[in-house]
Amino acid sequence: MAGKIAVKNTHRAIFLDTSGGSGDASYERLGNGVTSFTPSTNPTVDTKHYIDASSPSHSVTAVERQYAFNADVIKGEPCLDYLSGLDGATGDKCKSIMIDVDLAGEATSGAYPAKKYNVLIAIEQPYSIEGGENQQMSGTIYTNGDYEEGTFNPSTKAFTAKSTG
């Protein structure tokens, strides 16, 4: 059994496809300039209270995963330039792919366990201006459908789907 390790923020990497749907995916790491990235599962909970029970029972029937983020506006940072370009965007322009990489997981040939999501990105605050501070932006990344399990190699930026069967 492997030793215990405290999982830090540096043990997770988020990559976004910044190609804007213009052909082959171009994955860039979301990190530099990002001050917070918070996942939420937003479970749908079904509650049943049967007539012969004194208390109800609950079950989770679905999750609606989303990620809220805050970042400094940094020109020249690929992911932040891409996100800034989504200001005011609607429809398919807001769709992308996100890869969530577990860098604390066991790597095989430089590839780590990962989940690939189809996402919709909504920029809620394209910038804020406060005296003496960097401009800040914020938004939410919403997942569409189920994720695909696999591995991701941060060096080659290649996702390999988990084989079935």
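User: How much space lies in the largest pocket?

Analyst: This is a predicted model, where local features need pLDDT of at least 70, side-chain atom pairs count only at pLDDT 80 or more, and totals for chains, interfaces and linings use all residues. Residues are numbered from 1 along each chain as its sequence is written, and side-chain values use heavy atoms, with hydrogens and water left out. A pocket here is an open set of points on a 1 Å grid over the protein atoms alone, where a 1.4 Å probe fits, with protein on both sides within 12 Å along at least five of seven lines. Count the space filled by probe spheres set on those points, joined across faces, edges and corners, and the largest pocket holds about 520 Å³.

User: Which residues are the closest to its centre?

Analyst: Lining residues have an atom within 4 Å of a point. There are 22 of them in the largest pocket, and the closest to its centre are Asn 9, Arg 12, Ala 13, Ile 14 and Phe 37.

User: Which strand gives the largest share of the lining of the largest pocket?

Analyst: Strands are DSSP runs of E, at least two residues, numbered from the N terminus. S1, S2, S3, S7, S8 and S9 each supply at least two lining residues. The largest share, four residues, comes from S8.

User: How many bridges does S8 have with S9?

Analyst: Strands pair if DSSP finds at least two bridges between them. S8 (residues 112-128) runs antiparallel to S9, with Pro 113 opposite Thr 151. The count for this pair is 13 bridges.
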